[in-house]
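Hi,

Here is the structure I promised to pass on. My notes on it follow below, and I hope they are handy for your set-up.

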Amino acid sequence: MDIGIVGLGRMGGNMRERLRRGGHNAVGYDPNPKVSDTASLDELVGRLPEPKVVWVMVPAGDITRGTIETLGGLLGEGDVVVDGGNSRYTDDQLHAEHLAQRGIGFVDAGVSGGVWGLENGYALMVGGTAENVAKVQPFFDTLKPEGESGFVHAGPVGAGHFAKMVHNGIEYGMMQAYAEGYELLTAAKVVEDVPGVIRSWTQGTVIRSWLLDLLVLALDADPELADLKGYVDDSGEGRWTVEEAINHAVPLPVITAALFARFASRQDDSPAMKAVAALRNQFGGHAVTKVAKAEVEKPA
């Protein structure tokens, strides 16, 4: 079967390859001509037989919105657009309404698997009507991991990306817990082989997971993580998860704390902690650490 893929970065390029290995004719478009199969979206659409399926795998936000709007002018009745990026689920409903005006279907697909998905398969959480999901199902079957799990039609439009949003929020919490455990092990000094301890946890323990395996790989490459800076960005899903928790009055203390920890990682010298130090000094006379004079003087 034929499918078009827009966006051939780390995920999209590997997905194209996995689909090809599965016997599909996957044609890709990317602004980078070195990886693109076509010179434009127009050419991509023209190379697909009807009903056309185009999978969008570009950054969430304006780029996704612009791509889907353009496809809406190129595709026709019975065709389907799949948004496989990390769009917010509320955008999905707007995209579906826009495309429906021309009889074009829309499916949102939350995709997890990262750079390992080419070999291991991608976990897929999708939203849309049964009719539109069925048109994409052969591609879902090829992309997902082998076996019965790894794919779910989560509900109507928006359900796939909502599920992926929660998945990523949980991921924040799990990574933070592993990271805090690693820091305590290194700080205590009683443990002489920290990487070995973490490796031992990957078999037979209740905290074993793929994320833990990846931490072992990172420590194998750099046992003290000396080459890394403790700066952690976020791509939006954690924030959206916390916002939805507030909207639904659902307590998410772990995920919220993990998100805030990422914010803290970006501060070289926290203004809030400066205020705490000042307050402790004021009410209790506790010692404070002051910035050296040379650090605050402006150069001549």
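Setting aside neighbours within four places in sequence, Ser209 is in contact (heavy atoms within 4.5 Å) with Met174 and Tyr178. Please note that this is a predicted model, where local features need pLDDT of at least 70, side-chain atom pairs count only at pLDDT 80 or more, and totals for chains, interfaces and linings use all residues. Residues are numbered from 1 along each chain as its sequence is written, and side-chain values use heavy atoms, with hydrogens and water left out.

Ser209 sits in the loop between helix H8 (194–200) and helix H9 (210–221); helices (H or I, at least four residues) and strands (E, at least two) are DSSP runs, numbered from the N terminus. Its side chain makes a polar contact with the side chain of Tyr178, at 2.8 Å. A polar contact here is a pair of N or O atoms within 3.5 Å; within protein, one must be able to donate a hydrogen and the other to accept it, and residues adjacent in sequence count only if both atoms are side-chain atoms. A polar atom of the Ser209 side chain also lies 3.2 Å from the backbone nitrogen of Leu212.

Next, Val81, which belongs to strand S4 (residues 80–83). Val81 counts as buried because its relative accessibility is 0% (buried means under 20% relative accessible area, with a 1.4 Å probe and protein chains only). Beyond neighbours within four places in sequence, its contacts include Val54, Ile68, Leu99 and Phe106. The C-alpha atoms of Val81 and Ile68 are 7.7 Å apart, with the two residues 13 apart along the chain.

Best wishes

Note on methods:
Buried means under 20% relative accessible area, exposed over 50%, partly exposed in between (1.4 Å probe, protein chains only).
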